[in-house]
Amino acid sequence: MSFSRRPMAMRFSPVGCVHYGPELNRTTIPAAPVVRRRSLTADNDDRRMLRLGIRAQNVGTIECEVSVSTITRREVIRGGAALAAVAAEPVLARSRQAPTEMAPGIAPVSLKVNGEIHRLNLDSRVTVLDALREHLYLTGSKKGCDQGQCGACTIHIDGERVLSCLTLAVAVQGKSIETIEGIAAHGELHPMQQAFVDQDGLQCGYCTPGQIMSAIACVREGHAKSDADIREYMSGNLCRCAAYPKIVAAIKQAREKMESV
Ligand code: FES
Ligand code: FES
């Protein structure tokens, strides 16, 4: 074998090429390839070289054994596809396996939050508050006491105010959950949100999402007719910053707007 300008280039034999050799041979070369010795030149036999999958640039004269009649471009492509299929088989086999069993206590749960359905695999002890915050990353609802005492976690379920820290996620499947993230519409704040802004009804703001969700329900329930009513029916929502007077003012402002719609 002699090379004029690319000594590392190619060598073919009845068992295949030293570079593509065994793999190519396994997949594309028939059992009894026709072999003949001949000279290849870049000018005359580029196409032949390409058919073998080898670019013969800068090759002067190569003398080698070539199984020219046994490999077509189509066979090379088919061989590549076969190799890809073999490589992909373990992955496909894994994907065809039945889904692994869930750990004990984990159950598929479907939650409708702000009009959108979310499917989760949750421990049956997970509360709605934790499902919202830790699994759906809706962190507007706050965890204050986690014991049903502060009201910071208040959300609406089927239109009614509920403490999400005391409600299990598996128990509210099929119900409509509304959180502070879902009450603004068409790029405009809910009237209650706007009233809290206008009346400066917050200081640190930690209790505010719960206050707003509770206040909306308070108005809808008809429990916002007087200051005393508001204070009574908002008494489950604590504010460590003691912004109560301004919260009452905000609820009265929003009540006018909500009742006029
Ligand atoms: S976090 Fe739910 S009532 Fe305090
Ligand atoms: S504004 Fe700070 S806890 Fe209410």
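Colleague: In which helix does Glu256 lie?

Modeller: This is a predicted model, and every answer here is a reading of that prediction. Taken within it, Glu256 belongs to helix α8.

Colleague: How far apart in space are Glu256 and Pro191, C-alpha to C-alpha?

Modeller: Along the sequence, Glu256 and Pro191 are 65 residues apart. Pro191 is among the α5 residues that meet α8, and the distance in space between Glu256 and Pro191, taken from C-alpha to C-alpha, is 9.3 Å.

Colleague: At what angle do α5 and α8 pack?

Modeller: The axes of α5 and α8 are 8 Å apart, and the crossing of these two helices is right-handed. From α5 the contact takes Pro191, Met192, Ala195, Phe196 and Asp198, which meet Ala250, Gln253, Ala254, Lys257 and Met258 in α8. By class, the residues of this contact of α5 with α8 divide into seven nonpolar, one polar and two charged. The angle at which α5 and α8 pack is about 145°.

Colleague: Which residues of α8 make the contact with α6?

Modeller: The crossing of α6 and α8 is right-handed. On the α6 side the contact is made by Gln211, Ala215, Cys218 and Val219, and by class the whole contact of α6 with α8 has seven nonpolar, one polar and one charged residues. On the α8 side the residues are Ile247, Ile251, Ala254, Arg255 and Met258.

Colleague: Why is α6 largely enclosed by the rest of the structure?

Modeller: The buried residues of α6 pack against β7, β8, α5, α7 and α8, and they include Gly210, Ile212 and Ala217. Helix α6 is largely enclosed because, of its 14 residues, the number that are buried is twelve.

Colleague: Which residue follows α6?

Modeller: Helix α6 covers residues 208-221 and reaches 20 Å from its first C-alpha to its last, close to the 20 Å expected. The residue that comes after α6 has a positive phi, near 80°, and is Gly222.

Note on methods
Residues are numbered from 1 along each chain as its sequence is written. Chains are lettered from A and ligands numbered from 1 in the order in which they are written. This is a predicted model: local features need pLDDT of at least 70, side-chain atom pairs count only at pLDDT 80 or more; totals for chains, interfaces and linings use all residues. Helices (H or I, at least four residues) and strands (E, at least two) are DSSP runs, numbered from the N terminus. The expected span of a helix is 1.5 Å times one less than its number of residues. A residue is buried if 20 or more other C-beta atoms lie within 10 Å of its own, exposed if 12 or fewer, and partly exposed in between; C-beta atoms are placed from the backbone. Two residues are in contact if their C-beta atoms, placed from the backbone, lie within 7 Å. A crossing is left-handed if the near helix is turned anticlockwise from the far one by less than a right angle, and right-handed if clockwise. Ala, Val, Leu, Ile, Met, Phe, Trp, Tyr, Cys and Pro count as nonpolar, Asp, Glu, Lys and Arg as charged, and the others, Gly among them, as polar. Axes are lines fitted to C-alpha atoms, for helices over the stretch in contact, and angles run from 0 to 180 degrees between N-to-C directions.
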